[in-house]
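Please open the model in a viewer and keep the selection tool at hand.

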Amino acid sequence: MATITLITGGARSGKSSFAQQMAEAKSNRPVYLATARIWDEDFAERVKRHQADRDERWENVEEEKQLSKHDFSGKVVLMDCVTLWLTNFFHDSDYKLDQALEAAKAEWENFIRQDMELIVVTNELGMGVHPEHETARKFADLQGWVNQHIAKAADSVYLLVSGIPVKIK
């Protein structure tokens with residue numbers, strides 16, 4: 001089973017930087033597991049900026065949904081991030097909350113069976129403005145429930161607030 005560290009917080013709170021430093025401290029050859037689906041040119045530019053933050057030590061793996069199909073045994077893996085991963089399930093299920101939740105939890109459980117050190121970045125969507133639209137509210141619920149699921153099994157959990165990590169588990 002994976003050893004899991006969950007890093008959560010709001011947008012631009014420093015989650016990814018903190019996670020990257022943690023992974024680099026644990027391994028000379030960490031794996032960056034990118035879950036983003038490139039939706040538009042702006043997002044492609046964001047991905048390029050993230051890639052530029054990592055040096056040649058990093059092994060990059062891009063996987064939108066099926067995390068468990070990759071063998072990460074014995075490695076330090078930084079998954080960035082749960083929110084983008086869930087977006088892919090939510091979109092592909094035609095925004096059906098229960099279907100996306102069931103599929104994501106099942107894939108997560110398969111993924112964490114591997115013997116790896118897993119650092120997971122996620123977002124706390126429920127700490128901001130209450131979403132105006134039904135689809136956004138459903139996604140915020142999906143995110144919150146999956147965050148709870150991951151945090152329950154995690155060995156440690158950090159909340160990033162204005163760039164400051166606060167260990168909460």
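## First stop: a loop and its peptide bond

Select cysteine 81, which sits in the loop between E4 and H3. Helices (H or I, at least four residues) and strands (E, at least two) are DSSP runs, numbered from the N terminus.

Before moving on, please note how the model is to be read. It is a predicted model, in which local features need pLDDT of at least 70 and side-chain atom pairs count only at pLDDT 80 or more, while totals for chains, interfaces and linings use all residues. Residues are numbered from 1 along each chain as its sequence is written, and side-chain values use heavy atoms, with hydrogens and water left out.

## The whole chain

Zoom out and colour by secondary structure. The chain has five helices and seven strands, and from the N terminus on the order is β-α-β-α-β-β-α-α-β-α-β-β. The C-alpha trace spans about 45 × 35 × 35 Å along its principal axes. The radius of gyration of the chain is 15 Å, which agrees with the value near 15 Å for a compact globule of 169 residues; this radius is taken over C-alpha atoms, and the globule rule is 2.2 Å times the number of residues to the power 0.38.

Of the 169 residues, 44% count as buried. Buried means under 20% relative accessible area, exposed over 50%, and partly exposed in between (1.4 Å probe, protein chains only).

## The largest pocket

Which residues lie nearest the centre of the largest pocket? Select Arg12, Arg46, His50, Cys81 and Leu84, which hold that place among the 37 lining residues. A pocket is found on a 1 Å grid over the protein atoms alone, as an open set of points where a 1.4 Å probe fits, with protein on both sides within 12 Å along at least five of seven lines; lining residues have an atom within 4 Å of a point.

The volume of the largest pocket is about 1100 Å³, a volume being the space filled by probe spheres set on grid points that are joined across faces, edges and corners. Select helix H2 (41-52) next: H2 supplies the largest share of the lining, six residues. By class, this lining has 13 nonpolar, 13 polar and eleven charged residues. Here Ala, Val, Leu, Ile, Met, Phe, Trp, Tyr, Cys and Pro count as nonpolar, Asp, Glu, Lys and Arg as charged, and the others, Gly among them, as polar.

Return to arginine 12, in the loop between E1 and H1. Its phi is near 60°, a positive value in a residue other than glycine. Arginine 12 counts as exposed, at 66% relative accessibility.

## The nonpolar core

Select Ile4, Met79, Trp85, Trp108, Phe111, Leu118 and Leu142, the residues with the most contacts inside the largest nonpolar core, which has 31 residues. Such a core is a set of buried Ala, Val, Leu, Ile, Met, Phe, Trp, Tyr and Cys residues joined through side-chain atoms within 4.5 Å. H4 gives the most to this core, with six residues.

Centre the view on leucine 142. Leaving aside neighbours within four places in sequence, leucine 142 is in contact (heavy atoms within 4.5 Å) with Leu86, Phe90, Leu97, Ala100 and Leu101.

## Leucine 67

Is leucine 67 buried or exposed? Leucine 67 is buried, with a relative accessible area of 0%, and its place is in the loop between E3 and E4. Not counting residues up to four places away in sequence, leucine 67 touches Leu33, Thr35, Phe72, Met79, Trp85, Glu107, Phe111 and Gln114.

## Helix H3 and what follows

Select Val82, Thr83, Trp85, Leu86, Asn88, Phe89 and Phe90, the buried residues of H3. The buried residues of H3 pack against E4, H4, E5 and H5. Just after H3, aspartate 94 has a positive phi of about 60°. Tyrosine 95, in the loop between H3 and H4, also has a positive phi, about 65°, although it is not a glycine. Tyrosine 95 counts as partly exposed, at 39% relative accessibility.
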